[in-house]
Amino acid sequence: MAAAILTPPTFLARSSVHGKTSHLVRCVHRPAGTSPFFHSAVVSSRADWLSACSILSSNASSHQHQEPPPPQNPAAEDDHDLLASTASSSGSMLGIVPLCLPQPLTIADPSLGPKHGSQLRVAYQGLPGAYSEPAAAKAYPNCDAIPCDQFEAAFQAVEQWVADRAVLPVENSLGGSIHRNYDLLLRHRLHIVGEVQLPVHHCLLALPGVRREQLTRVISHPQALAQCEHTLTTLGLNVAREAFYDTAGAAEYVAANGLKDTAAIASARAAELYGLEILANGIQDDQGNVTRFVMLAREPIVPRADRPFKTSIVFAAHDHEGTSVLFKVLSAFAFRDIGLTKIESRPHRRRPIRVEEQPQEVPEEETRATAKHFEYTFYLDFQASLAEPRAQNALAEVQEFTSFLRVLGSYPMDMTLWTTDS
């Protein structure tokens, strides 16, 4: 396993027994010393885990894409009995849990790489019903969407061949940039191969039969709460508003715990998945609420000049130049009539503060004053393809002013027309 892997390895498989409907099953190995609060089916040793995963993989592969008759092979029945007996055994503590919805990935296992000709697998952050799920479907129609519990897990899923692509948000028209993903773009070696823009349509969800007057609190992601603050007040919901890690997670939490005094702000699909009712539709304060997602892959695409392209770069200034280099960089693009669509600054991870000593004369003695300046890394998007000579010349000039320059991707722009009703 790679050093970046921090959580126990997970094996996911689809199993179908005696021709019945397939279920997603999960087997997790918990190493010694793992917290007892790790809530998944576990085995006592890695050997047991590998054995169980092999059995699950064999059963899932043998029943995939077919409706087989009842098994005649005693060996297959033995495998089935082995799973049942192992699940009930207190020694190995193996549990096979049928799930109606895919569980978010917490780790990328290279053994789960897609087979030749299989469906494209796309990782996104959040539970099923999160806004990233329709973004993945828009970017890659008919894909196999893989939920991940956090942004970094989606990066790892692509890097370690669990997924073929990742679709992650980078900015929202109201909330601004998602800084975490900009930091991860620099830390990981994935390439941006496309973008999609998705209108955000918030709904107020509650258990069936619950009325607004019964609510004492509303939970959701902090950005969703902020984007619906005025509308909630207009609806007379002057109740407690609590932050949750995910919009779909908030809906799932209300449904799973039967909370009749709590509503969640999430998507209409989350209401459908978790059996909730929509008390109010389209409660976002601004109907022009749009989130921009980037599509990530292990390899870059070949830039073209026959359609609108966007290129994303990240760079840092030479020592002691600081932000003064920014004017020179912008001039390189302005001189060639290249439009910029975004510029973002983030503190330099390895050198966040630059210290300069400046002489200062004092009547009695000479002392030296210390000036401290923040050092930044700059992210920049411009409207041109790397296949165009003007873009190549601009980057060549930028390279002269910077100590570090990296192209994150040159990719087709999302030209989809959308309205507030879409």
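On the surface, Leu330, Leu340 and Ile343 form a nonpolar patch whose accessible area comes to about 210 Å² together. The model is a predicted one, and its chain of 422 residues, 45% of them buried, holds 11 helices and 20 strands. Among contacts between residues at least 6 apart in sequence, 75% join residues at least 24 apart.

**Surface**

- The accessible surface of the chain is about 21500 Å², and 53% of this area belongs to carbon and sulfur atoms.
- Leu340, a member of the nonpolar patch, has its place in strand β16, which covers residues 340–347.
- Leu340 counts as partly exposed because its relative accessibility is 35%, a value between the 20% limit for buried and the 50% limit for exposed residues.

**Nonpolar cores**

- The largest nonpolar core has 33 residues, of which Leu204, Leu205, Leu232, Ala251, Ile265 and Leu276 touch the most other members.
- At least two residues of this core come from each of the strands β9 (203–206), β10 (217–220), β12 (262–266) and β13 (277–281), and likewise from each of the helices α6 (222–227), α8 (247–257) and α9 (268–274).
- Another core, of 26 residues, lies apart from the largest one and includes Ala154, Val170, Val294 and Tyr379.
- Once neighbours within four places in sequence are left aside, Ile265 is in contact with residues including His202, Leu204, Val218, Ala224, Leu232, Thr247 and Ile283.
- In soluble globular proteins, nonpolar side chains tend to be buried together.

**Helix α4**

- Helix α4, residues 151–159, is mostly covered, with 8 of its 9 residues buried.
- The buried residues are Phe151, Glu152, Ala153, Ala154, Phe155, Gln156, Ala157 and Val158, and Ala154 is also listed in the core of 26 residues.
- The buried residues of α4 pack against the strands β4 (121–125), β5 (144–148), β6 (165–172) and β14, and also against helix α5 (179–187).
- Just after α4, Trp161 takes a positive phi of about 70°.

**Ala297 in strand β14**

- Ala297 is found in strand β14, residues 290–297, and counts as buried because its relative accessibility is 3%, where the cut-off is under 20%.
- Not counting residues up to four places away in sequence, Ala297 touches Val158, Asp164, Arg165, Leu190, His191 and Val193; of these, Val158 is one of the buried residues of α4.
- Although Ala297 and Arg189 are 108 residues apart in sequence, their C-alpha atoms are 9.3 Å apart in space.

Note on methods: Residues numbered from 1 in each chain as written. Predicted model: local features only at pLDDT ≥ 70, side-chain atom pairs only at ≥ 80, totals over all residues. Heavy atoms only, no water. Helix = DSSP H or I, 4+ residues; strand = E, 2+ residues; numbered from the N terminus. Buried < 20%, exposed > 50% of the residue type's maximum accessible area, 1.4 Å probe, protein only. Contact = heavy atoms within 4.5 Å. Areas by Shrake-Rupley, 256 points an atom, 1.4 Å probe, with all protein chains shown as cover. Core = buried A, V, L, I, M, F, W, Y, C linked by side-chain atoms within 4.5 Å. Patch = residues over 30% accessible without salt bridge, like charges linked within 9 Å, V, L, I, M, F, W, Y side chains within 5 Å. Salt bridge = Lys/Arg side-chain N within 4 Å of Asp/Glu carboxyl O.
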